[in-house]
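I opened my notebook to record what I looked up in this structure. The entries follow in the order in which I made them.

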Amino acid sequence: MLKFLLVVVLFALATYAAVRFLERRGTPPIAGGPSGSSGGRGPRGPRGSGPAQPPRPLGPDDDPDFLRDLERKRKHPEDPDL
């Protein structure tokens, strides 16, 4: 029984080490599950992909054009297409 437990523990450690190695290289793991997520690090892009894109507004309340239009509609509710 002790030999069987030793084999299971060694197999688990080898699997864990292999998954960690693959994640560090940037290749996705074979299966999903806890190791299938990126560990809270976000998506990885290809290395040397050039300059990053400028950040876009996340929602309408962050968009200056939307807020400007909303303020205009609030001041002139009788003509929303002004």
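Entry 1. I looked up Arg74 and Glu71 and found both in helix α2, three residues apart, which is about one turn of the helix. Helices here are DSSP runs of H or I with at least four residues, strands are runs of E with at least two, and both are numbered from the N terminus. Arg74 forms a salt bridge with Glu71, and their closest N and O atoms are 2.5 Å apart. I noted that a salt bridge needs a side-chain nitrogen of Lys or Arg within 4 Å of a carboxyl oxygen of Asp or Glu. Arg74 is exposed, at 57% relative accessibility, whereas Glu71 is partly exposed, at 32%. For these words I used the cut-offs under 20% relative accessible area for buried, over 50% for exposed, and partly exposed in between, with a 1.4 Å probe and protein chains only.

Entry 2. I wrote down the origin of the model and the ground rules. This is a predicted model, in which local features need pLDDT of at least 70 and side-chain atom pairs count only at pLDDT 80 or more, while totals for chains, interfaces and linings use all residues. Residues are numbered from 1 along each chain as its sequence is written, and side-chain values use heavy atoms, with hydrogens and water left out.

Entry 3. I asked which residue forms a salt bridge with Arg72. It is Asp69, and the closest N and O atoms are 2.2 Å apart. Asp69 is partly exposed at 27% relative accessibility, and Arg72 is partly exposed at 24%.

Entry 4. I then found that the side chains of Asp69 and Lys73 also meet in a salt bridge, at 3.4 Å from N to O. Asp69 and Lys73 are four residues apart in helix α2, so about one helical turn separates them. Lys73 counts as partly exposed, with 37% relative accessibility.

Entry 5. I searched the whole structure for salt bridges and the total came to four.

Entry 6. I turned to helix α1, residues 2-25. Its 24 residues reach 35 Å from the first C-alpha to the last, close to the 34 Å expected at 1.5 Å a residue. The expected span is 1.5 Å times one less than the number of residues. Just after α1, Gly26 takes a positive phi of about 95°.

Entry 7. I looked up Val9, which lies in helix α1 and is partly exposed at 41% relative accessibility.

Entry 8. Last, I noted the totals. The protein has two helices and zero strands. Buried residues make up 2% of its 82 residues.
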